[in-house]
Amino acid sequence: MFNQLIKAFKSKNDRTIAQEIGFTIIKICIFIVILSLGILLLYIFMKGFRVVNLDFITQTPRDGMVKGGIFPAILGTFLLSLGALIFALPTGVLTAVWLTEYATSQKFVRIVRIGINSLAGVPSIVFGLFGLMFFVKYMQFGVCLLSGSLVLGILILPTIIGASEEALLTVPKAFKEASLSLGATRWETMYKIILPNSVSGILTGIILSVGRAAGETAPILMTAATFYTTRLPNSLFSKVMALPYHIYALMTEGSKSGQTEIAYGTALVLLILVLVINGLAIYIRIKSRRARKW
Amino acid sequence: MSEVTIANRITVKDFNAYYGEKHALKNINIDIPANKIMAMIGPSGCGKSTFLRSINRMNDLIENFKTDGKMMIDGKDVYDKNIDVTNLRRRVGMVFQKPNPFPKTIFENIAYGLRVNRLFKDKKELEEKIEKSLMEAGVWDEVKDDLDKSAFELSGGQQQRLCIARALVIKPEVILMDEPTASLDPISTAKIEELIQVLKKDYTIVIVTHNMQQAARVADKTAFFMLGEIIEYDDTVKMFTKPGNKMTEDYITGRFG
């Protein structure tokens with residue numbers, strides 16, 4: 001790591017020394033990033049792997065959480081993410097389409113963009129609070145799957161819009177012009193030419209945002225999650241267990257021995273879930289890049 | 001009637017175009033006769049591409065683009081409020097500087113225009129029209145066994161003839177060509193020039209070119225543009241032998257450009 005730097009000092013060339021100091025700082029930063037990620041993964045794995053087995057991911061919890069599995073939480077997280085996606089996917093993609101292709105007033109586009117960027121910067125607990133006041137109380141959905149999904153959906157909207165915009169803009173203008181010159185409408189050009197050629201980019205963004213939704217705790221804290229339920233969710237208005245909230249609850253409530261271990265096991269499951277989701281996104285990105293011909 | 005007088009397909013009267021504050025086309029007056037090839041020459045930025053793209057309203061995509069005056073095709077103003085732009089573009093085909101086939105198969109590239117304009121009844125008619133247009137564009141023999149292959153597998157020259165076929169298949173009246181051979185090798189260029197000559201039998205062709213020899217070879221009429229104005233517009237033969245304007249002469253003899 002420091003070989004080049006030492007060599008540079010021996011050469012006594014100021015510019016080489018400056019360069020090597022710069023490169024060394026960069027190397028140290030990268031090292032810190034990789035190291036912290038590595039320690040995190042290793043730590044969670046070491047602490048959690050003992051409790052994770054087939055029963056752990058397929059059984060419901062027993063004996064005040066310290067026995068049995070976390071299946072309801074896995075299912076809950078899955079349903080919450082799916083619900084968020086059902087809401088955010090069409091809304092986000094169509095907003096991106098409008099921003100990139102339809103909007104005629106650049107001033108209005110700028111205002112909308114500022115709004116979207118602000119949305120991305122809102123702390124997730126504020127989303128939770130909003131969900132509690134609006135969906136749970138005002139709309140009277142109650143603490144349930146629907147409220148939680150909607151809040152998570154709003155939370156991931158900026159990510160989906162951003163990724164979709166980026167993907168839509170990579171489609172060459174020449175395709176668009178060719179389509180229009182043949183008498184296609186702007187809408188036909190959009191769904192026959194531009195969307196099919198940007199779908200992999202959009203998909204990548206969506207999958208990454210699902211990973212984000214799956215891991216969020218604060219937004220569902222007050223809108224959807226429950227610490228313990230023996231019943232699996234059977235409607236949009238059921239309370240659900242969720243992986244991140246389960247971890248939070250295990251660490252903050254109750255005092256039974258073994259809770260910590262279950263919490264780490266749950267964290268490991270959540271981590272693997274998110275890594276798998278992100279891996280899928282990377283896979284799609286690589287595959288589509290290879291298939292692309294322009 | 002039209003037997004006696006040569007009908008003008010495109011009539012332009014006092015046409016102006018602006019990109020925001022920039023006055024890109026100044027008071028253009030020009031008649032383009034049917035079934036002729038009209039070439040536009042002139043230095044870069046002289047407005048010839050802007051003029052071409054004003055004919056099928058491709059400039060509509062540009063923010064702050066404005067026009068006034070009249071741009072008429074068969075007596076109808078292209079910029080009339082009641083005109084259906086998609087229908088206009090179906091009637092006025094376009095071939096671009098760089099071949100721009102869609103990332104689809106050769107077959108689907110041609111089928112696209114027929115599909116969006118709903119110009120066929122059944123699969124048989126679709127296939128017939130596609131074959132005919134590929135023949136018309138002189139590329140059928142080279143692609144007939146590969147219709148299901150991606151258009152990107154063709155050479156640049158083949159791609160450009162495919163794009164011409166794509167424009168032809170929806171039976172336009174006018175074909176606009178924006179430097180169609182600028183990115184092609186000499187052999188491909190020769191093929192396309194030959195093709196353009198054949199096409200004028202059925203179409204009115206307006207072509208932008210940077211290549212003066214190309215204008216001299218293919219065009220019946222030539223317009224010389226400079227700084228957004230038409231300096232001279234005449235029969236190509238006259239233009240290249242006895243130009244009426246000193247600037248035209250200087251340009252075509254290569255004294256500036």
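The model is predicted, so local features need pLDDT of at least 70 and side-chain atom pairs count only at pLDDT 80 or more, while totals for chains, interfaces and linings use all residues. Residues are numbered from 1 along each chain as its sequence is written, and chains are lettered from A and ligands numbered from 1 in the order in which they are written.

Chain A is assigned domain 1 (3-48) and domain 2 (55-291); the bounds come from an automatic or database domain assignment. The centres of domain 1 and domain 2 of chain A, taken over C-alpha atoms, are separated by 35 Å. To their contact, domain 1 of chain A gives 4 residues and domain 2 of chain A gives 5 residues, where two residues are in contact if their C-beta atoms, placed from the backbone, lie within 7 Å.

Helices (H or I, at least four residues) and strands (E, at least two) are DSSP runs, numbered from the N terminus. In chain A, helix α12 (residues 243-252) is largely enclosed by the rest of the structure, because 7 of its 10 residues are buried. A residue is buried if 20 or more other C-beta atoms, placed from the backbone, lie within 10 Å of its own, exposed if 12 or fewer, and partly exposed in between. Among the buried residues of α12(A) are Leu243(A), Tyr245(A) and Leu250(A). The buried residues of α12(A) pack against α4 (71-102), α10 (199-215), α11 (218-221) and α13 (259-291) of chain A. Gly254(A), which follows α12(A), has a positive phi near 70°.

In chain B, 4 strands form an open antiparallel sheet in the order β2-β1-β4-β5. Two strands pair if DSSP finds at least two bridges between them. The edge strands, β2 (22-33) and β5 (76-77) of chain B, each pair on one side only. Strand β1 (residues 8-19) of chain B is joined to β2(B) by 8 bridges in the antiparallel sense, and Tyr18(B) stands opposite His23(B) in β2(B). Helix α1 (residues 48-55) of chain B lies across β1, β2 and β4 (65-73) of chain B and runs at about 65° to β2(B); axes are lines fitted to C-alpha atoms, for helices over the stretch in contact, and angles run from 0 to 180 degrees between N-to-C directions.

Parallel pairing is found elsewhere in chain B. Strand β3 (residues 37-41) of chain B has 5 of its 5 residues buried. From β3(B), Ile37(B), Ala39(B) and Ile41(B) point one way, and Met38(B) and Met40(B) the other way. β3(B) pairs in the parallel sense with strand β8 (residues 204-208) of chain B over 4 bridges, and also runs parallel to strand β9 (residues 221-226) of chain B, again with 4 bridges. Met38(B) has Val206(B) as its bridge partner in β8(B) and Lys221(B) in β9(B). β8(B) is largely enclosed by the rest of the structure, because 5 of its 5 residues are buried. Strand β7 (residues 174-178) of chain B pairs with β8(B) in the parallel sense over 5 bridges.

Between the chains, 22 residues of chain B are in contact with 16 residues of chain A. On the chain B side, α2 (85-91), β6 (92-95) and α3 (106-116) each give two or more residues, and the largest share, 4 residues, comes from α2(B).
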